[in-house]
Structures are given as C-alpha cells and as structure tokens.
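Subject: Handing over a structure

Hello,

Here is the structure I promised to pass on to you. Have a look at it first, and then read on for my notes.

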Amino acid sequence: MASYNLLLLPGDGIGPEVMAEVERVIRWLDANSGVHFETETDLVGGSAYDVHGVAITDETMKTAMAADAVIFGAVGGPKWDAVPYEVRPEAGLLRLRKDLELFANLRPAICYPALADASSLKREVVEGLDILILRELTGGVYFGEPKEIVTLENGEKRAVDTQVYTTHEIERIARVAFELARARRNKVTSMEKRNVMRSGVLWNQVVTAVHKAEYPDVQLEHMLADAGGMQLVRWPKQFDVIVTDNLFGDMLSDVAAMLTGSLGMLPSASLGAPDPATGKRKALYEPVHGSAPDIAGKGIANPIAMIASLGMALRYSFDMGEAADLVDGAIADVLASGTRTADLAAKGQNSVSTREMGEAIVKAMAKRA
Ligand code: NAI
Ligand code: MG
C-alpha cells in the first residue's frame, strides 16, 4: 500500500483551527482511499518563537526536507509585532520556501456555482471559471541584487530593486506550466513586459524555446502583463494556465483570487524541482489567507481554503487525482446545499462553525465515494 509522510504546521491564529479540519479529511482518506498517511505536527511562526525563540527550528526544517509534503496553516499576529525582524513569524514560511527551493507557486481560481453571485463580477463572467495562475516564486525583483536605498551626494535618496532572471529559472517554471496545462485544457498564456523590460524579452524567448523543443502539443500564447490584467477581469474564462514572474504573479494572482469571492476559499501550492533520482518534488500546500487574528479562537474560520490545499497535495504530490476530485466535489456539494461559514453567509443567513463545515465536507466525500 502506498504511504506518504505529511508534515503539518498549523502555525498561529486560525491556523490550528483550520488544520484540525484537514486532519479530519486526512483521517477519512487514510481509512478509505487505500493510501496510508503518516502525519507529524510541529510548531511554526509565532507559536514556534514562543517556545524556541525562532520561527522554525533546524529540526523542523529537517523533517520538512524529508516529508512528502508540508501542509502549512498560517503564521503571524499582533502578539509578535515587536519581535526582532529575523525571527518574526513570517521568517518560518520564508525559510521553508527558500530551503526547499519552492520556485513554482500555483494559485487556482475556481468559481463554485453556488458562490457565483458573491463575486464582484457578473455571474456569466465567473460561473464555471477554473484557471490556474503559476507564479515564479524565488527569483525576480523581490530577490535581485543590488537591492538598496542609498543617499546621493546632493542629499537625495535613491532606492534600487533589480529584476533578474536566468535562462535556467525561466526554463524550469515554463516546464511546470506546460506540464500543468497538459493535465488541464492544454493552454498556456505567458505574461511579461517585453516591450519595456529586458527580463521580459528573455522570458518570452525562453518560454517560446521550451515550448518548441518539448511541448509543441500545448497551445502557447504571449500577453503583455498589463493587458493580461485587463483580460483577467474582462473575460477570465479565456485562460487555462497563466505563467508569469514573481512580481506580476503576486498581483495577478490576487486579482484572479478576488474573481471568485472569499479569502477563506483560496488554496495554493508551492513546488520545488523534481529530485533527479526519484522524480519527486518538494512541496508545500497552504491557504492564501493569513492567521486572521480578528476571528481566531472563535471557531468560525472557513476551513475550505485549507482543505482545498490538501486537495492540491493529493493532485500534485501524490498523483491521487481522483481523491483530489473527491475533495473538490465534496466542497462544491456542501456549498450547493447552502452550508456557509460566516465569511460566506449572506446577511441574516445562518452560518456553521469551522468544525461543522469540516464535518459536512467529510460527510459529502463519503456520500460521493
Ligand atoms: P488575513 O488573511 O489573516 O485576514 C484578512 C481578513 O480575511 C480578516 O478579516 C479575516 O478574518 C478574513 N479571513 C481570512 N481567512 C479567513 C478564513 N479562513 N475564514 C474566514 N475569514 C477569513 O490577513 P491579514 O489580516 O492582513 O493578516 C493577519 C496576520 O496574518 C498578519 O500577521 C499577517 O502577517 C499574517 N499573514 C500570514 C500569511 C501566511 O501565513 N501565509 C499570509 C497573509 C497574512
Ligand atoms: Mg500577495
């Protein structure tokens, strides 16, 4: 029987509350899917800082390196606002991304029919939407050198951030885009600004070359990133996989996220390079939302983003596409039945707790299976 090791890092705020519901789903899968899941739970973020004085320990990092996937809740909160910069809660997540070299960030934007009216766009524009934004996560202007603020001779200051991409970095993210598209609707849209940025010229050339040499069967189109932003809002269903750099991806994925409604609904995956020996990728799955200190401890957080993140782990780390469909289908069923956490409920509508939502999803999985 196949068996996988999951490292669960609930973190702070609502992190542990939504993680408890993922554990419920894992227990069900363990009992019913023919695949065994071994889980280990550890501290990250502020809760790790309180105990160890760092946002993630070396020992936890070792476990993360060896795990088949890391399932991450959320970190941070006002309690740790004054802690030193190097050990602030977010440092735990940043170290995981860096040390596991998670260069590919997948952000699906899916519109569940039951929530189509919650979007700020018209129902016809978003209903049935299912697109995937693939953001390069470890390169580009957030990391390029030089990165500085210097004082000039005349007393003025000058700030510099540097956009840097190498052929290798673009090739590997392009390959992920084409592989993802092959398992979806076979279309990739690459977005850059080749009209004003040298890195955009190279991005365009390298994506085109990878396409020609390795993935000619996939449809490829290029779009300037600003026009892409317009198109995302005008008619998002024209896209399948959008691949773009770190900065544009940060913005475009947030835009795409809001096409579909609440922050409590949005999962993400961050993938590393495949191990040359085993073909396995390091991977971390987490909801897009943060630790939501305003509702932490109340038991009302929406666990769907967290549970859908586990669904992505099933799909992208464990080749369990059917089980992933089961999770996604159960979420759709529960929403269709009118079950809502407070963030999704209309004014005056009844809402359920975090735990009730988790239980309803597991029940819907059992019914579908
Ligand atoms: P946030 O995502 O935590 O919350 C924004 C708003 O959305 C809040 O009103 C919150 O109640 C609501 N919300 C978020 N997730 C929800 C859910 N699952 N169910 C229902 N409502 C939900 O972002 P915010 O307030 O800017 O940051 C709070 C803390 O989280 C900060 O310390 C921030 O640094 C941290 N953060 C951590 C992230 C991570 O761990 N990856 C990502 C974003 C923020
Ligand atoms: Mg962002």
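Below is what was found in it, going from the overall layout to single residues.

A word on conventions: this is a predicted model, in which local features need pLDDT of at least 70 and side-chain atom pairs count only at pLDDT 80 or more, while totals for chains, interfaces and linings use all residues. Residues are numbered from 1 along each chain as its sequence is written, and chains are lettered from A and ligands numbered from 1 in the order in which they are written.

Domains

The chain splits into domain 1 (1-108 + 261-369) and domain 2 (130-259); these bounds come from an automatic or database domain assignment. Taken over C-alpha atoms, the domain centres are 26 Å apart. Where they meet, 14 residues of domain 1 are in contact with 14 residues of domain 2 (contact: C-beta atoms, placed from the backbone, within 7 Å). On the domain 1 side, β4 (104-110) and β11 (267-274) each supply at least two residues, and β4 gives the most, with 5 residues. Helices (H or I, at least four residues) and strands (E, at least two) are DSSP runs, numbered from the N terminus. By class, that side of domain 1 has 9 nonpolar, 2 polar and 3 charged residues. Here Ala, Val, Leu, Ile, Met, Phe, Trp, Tyr, Cys and Pro count as nonpolar, Asp, Glu, Lys and Arg as charged, and the others, Gly among them, as polar.

The sheet

You will find an open sheet of 10 strands with mixed pairing, in the order β2-β1-β3-β12-β11-β4-β5-β10-β8-β9; two strands pair if DSSP finds at least two bridges between them. The edges are held by β2 (36-41) and β9 (219-224), each with a single partner strand, so one side of each has no neighbour in the sheet. On average, neighbouring strands are turned by 25° against each other, direction ignored. Strands β11 and β12 (residues 281-287) run antiparallel and are joined by 6 bridges, with P267 standing opposite P287 in β12. Helix α10 (residues 304-316) lies across β3 (69-74), β4, β11 and β12, at about 160° to β12. For such angles, axes are lines fitted to C-alpha atoms, for helices over the stretch in contact, and the values run from 0 to 180 degrees between N-to-C directions.

Ligand and annotated sites

Ligand 1 is surrounded by 21 residues, the closest being G76, G264, H289, G290 and N302 (near means a C-beta atom, placed from the backbone, within 6 Å). This shell has 11 nonpolar, 7 polar and 3 charged residues.

An unreviewed UniProt entry marks R97, R107, R135 and D226 as "binding site"; UniProt positions follow the numbering used here, feature names are shortened, and annotations may be inferred rather than shown by experiment. These residues are spread over 130 residues of sequence and also in space, up to 27.2 Å between C-alpha atoms. R107 lies in strand β4. Another "binding site" annotation from UniProt (unreviewed entry) covers D226, D250 and D254. They span 29 residues in sequence, but no two of their C-alpha atoms are more than 14.1 Å apart, so they gather at one spot. D226 sits in helix α8 (residues 225-234).

Backbone details

Most residues other than glycine have a negative phi, and most peptide bonds are trans. Two places to look at, then: the peptide bond from E145 to P146 is cis, with omega near 0°, and P146 is in strand β6 (residues 144-151). E101 has a positive phi, near 50°, and is found in the loop between α4 (90-99) and β4.

Enjoy looking around!

Conventions: Contact = placed C-beta atoms within 7 Å.
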